[in-house]
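Okay, thanks everyone, let's get going.

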Amino acid sequence: PAIQGKARAETGPIDGALQLDGKTIVDLGKNVADFNRTDKFSLGAWINSSTTGAGAIIARMDDAHGLRGYDLIINEGKLEAHVISKWPGNSISVAAQTAITPGEWHHAFLTYDGSSKAAGIKLYVDGEPVPAAVTSDTLTADSKASDVPLLIGRRSASTPFSGKLDDVRIYARELNPTEVKGAMGVDLIGQMLAIDPAQRT
């Protein structure tokens with residue numbers, strides 16, 4: 001991967017985190033995660049957002065061609081996900097109904113089932129599914145954005161992310177809810193065992 005802009009290492013919940021200032025991005029190239037609308041995939045990261053508007057966490061999206069591609073963004077504190085052929089008339093998108101607290105670490109994740117339907121996108125915060133509103137459900141054409149790279153911290157030319165990111169993960173399949181918890185990268189079993197038996201649910 002190539003980092004464009006100033007890179008600053010920070011402490012994260014899993015390992016070393018990367019501080020993004022709204023100008024820094026990580027370019028992962030054109031040879032990975034070239035998903036189309038019929039492909040199943042899952043992706044996400046630990047985020048600590050200072051973005052007040054919209055900021056792309058992970059995106060492979062071609063701004064110059066109708067926002068073709070896909071992304072996971074945070075917009076005014078709420079997760080949003082898009083799979084787009086041409087915005088807005090040929091796309092699916094969902095938006096979480098509850099906001100993530102800025103300045104705190106949270107695990108943000110999406111899964112997609114390749115159905116080309118908005119109902120096929122699921123959003124998760126801290127390993128738990130969150131209610132989401134459908135904001136577009138009209139996808140019928142290819143959404144593969146082959147001419148732009150996979151980026152962390154921005155779409156191809158818009159929606160820069162400000163804040164910290166840690167443990168970015170991308171899967172070429174749809175994870176189930178139990179696997180999403182595992183994708184958080186934390187020792188969930190150890191955390192449960194550390195709770196006094198009388199206090200466990």
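I'll go through the sheet, then some salt bridges, then one aspartate. Keep in mind that this is a predicted model.

We've got an open sheet of 7 strands here, and the order is 2-3-15-5-10-11-12, with antiparallel pairing. Which strands stand at the edges? Those are strand 2, residues 8-11, and strand 12, residues 128-129. Each has a single partner strand, so one side of each is left without a neighbour in the sheet.

Further in, have a look at strand 5, residues 41-49, and strand 10, residues 106-112. These two pair in the antiparallel sense over 7 bridges.

How many does a search of the whole structure find? The search gives 6, and I'll pick out a few.

Let's start with R8 and E10. The closest N and O atoms of that salt bridge are 2.8 Å apart. R8 is partly exposed, with a relative accessible area of 48%, and E10 is partly exposed too, at 23%.

Next up, R60 with D34. Here the closest N and O atoms are 3.9 Å apart, and since the cut-off for a salt bridge is within 4 Å, the pair counts. This one links distant parts of the chain: R60 sits in strand 6, residues 54-62, while D34 is in the loop between strand 4 (25-27) and strand 5, and the two residues are 26 apart. Is R60 buried or exposed? R60 is buried, with a relative accessible area of 1%. D34, on the other hand, is partly exposed, at 26%.

Then there's D167 and R169, another salt bridge, with the closest N and O atoms 3.0 Å apart. D167 comes out partly exposed at 22% relative accessible area, and R169 is partly exposed as well, at 25%.

Last stop, D196. You'll find D196 in the segment after helix 2, which covers 188-193. A polar atom of the D196 side chain lies 2.9 Å from the backbone nitrogen of A198. As for accessibility, D196 is partly exposed, with a relative accessible area of 45%. And where is D196 relative to I3? They're 193 residues apart along the chain, and their C-alpha atoms are separated by 44 Å.

That's my tour, happy to take questions.

Conventions. Residues numbered from 1 in each chain as written. Predicted model: local features only at pLDDT ≥ 70, side-chain atom pairs only at ≥ 80, totals over all residues. Heavy atoms only, no water. Helix = DSSP H or I, 4+ residues; strand = E, 2+ residues; numbered from the N terminus. Buried < 20%, exposed > 50% of the residue type's maximum accessible area, 1.4 Å probe, protein only. Polar contact = N/O pair within 3.5 Å; in protein donor to acceptor, adjacent residues only side chain to side chain. Pairing = 2+ DSSP bridges. Salt bridge = Lys/Arg side-chain N within 4 Å of Asp/Glu carboxyl O.
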